[in-house]
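My entries follow in the order I made them.

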Amino acid sequence: MHKIMALDIGTKRIGIALSDYLQVIATPHSFISRTPENVAIEEITKIAKENRVEKIVVGVPINMDGTTGFQAQDCIDFSQKILGFDIIYEDERLTSEEAEERLRKRKIDFRKNKGLVDMESACVILEQYLGK
């Protein structure tokens, strides 16, 4: 069995979540800096290999009207540089709001650590994918 990784790609940070080996449960893993880009890609690849990942689910922020905007294209362009894995795109509309709500319910103050939101957003993206 292999795990599935999910990425919430932002302009500053990338949130990472991983499934279990049964591909049922999603867990926040970490967040990394988006820059420099080559280092970010190396770190994603390293984490994926260490965790026996074959698929990477990338959250793509589709506009509310269903179109692909600049941010969505940026996520797609970045993810195409990650080689050696099946890349799957998942609509991530409103995942940040969902992530913030989850953190608030657990009484976690994320205002000074936005990486927590990125990790939780990646988890939401992965849960959406696993639920299909």
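**Entry 1: the strand pairs.** I began with β1 (residues 3-9) and β2 (residues 13-19), which run antiparallel and are joined by 5 bridges. The model is predicted, so I note that local features need pLDDT of at least 70 and side-chain atom pairs count only at pLDDT 80 or more, while totals for chains, interfaces and linings use all residues. Residues are numbered from 1 along each chain as its sequence is written, and side-chain values use heavy atoms, with hydrogens and water left out. Helices (H or I, at least four residues) and strands (E, at least two) are DSSP runs, numbered from the N terminus. Two strands pair if DSSP finds at least two bridges between them.

I looked up individual partners across this pair. I9 has I14 of β2 as its bridge partner, and D8 has G15 of β2. The two strands form a hairpin with 3 residues between them.

**Entry 2: the next hairpin.** I counted 7 bridges between β2 and β3, which also run antiparallel.

Entry 3: I found 5 strands in an open sheet, ordered β3-β2-β1-β4-β5, with mixed pairing. The edge strands, each pairing on one side only, are β3 (26-33) and β5 (86-91). From one strand to the next the twist averages 25 degrees.

Entry 4: Helix α2 (residues 70-79) lies across β1, β2, β4 (53-60) and β5, and runs at about 160 degrees to β4. Helix α4 (residues 114-130) packs on the sheet and touches β1, β2, β3, β4 and β5; its direction makes about 45 degrees with that of β2. Contact means heavy atoms within 4.5 Å. Axes are lines fitted to C-alpha atoms, for helices over the stretch in contact, and angles run from 0 to 180 degrees between N-to-C directions.

**Entry 5: helix α3.** Which residues of α3 (residues 95-105) are buried? I listed T95, A99 and L103. They cover an arc of only 75 degrees around the axis, which puts them on the same side of α3; the arc is that of the directions from the helix axis to the C-beta atoms. What covers these buried residues includes α4. After α3 comes K107, with a positive phi near 60 degrees.

Key:
Buried < 20%, exposed > 50% of the residue type's maximum accessible area, 1.4 Å probe, protein only.
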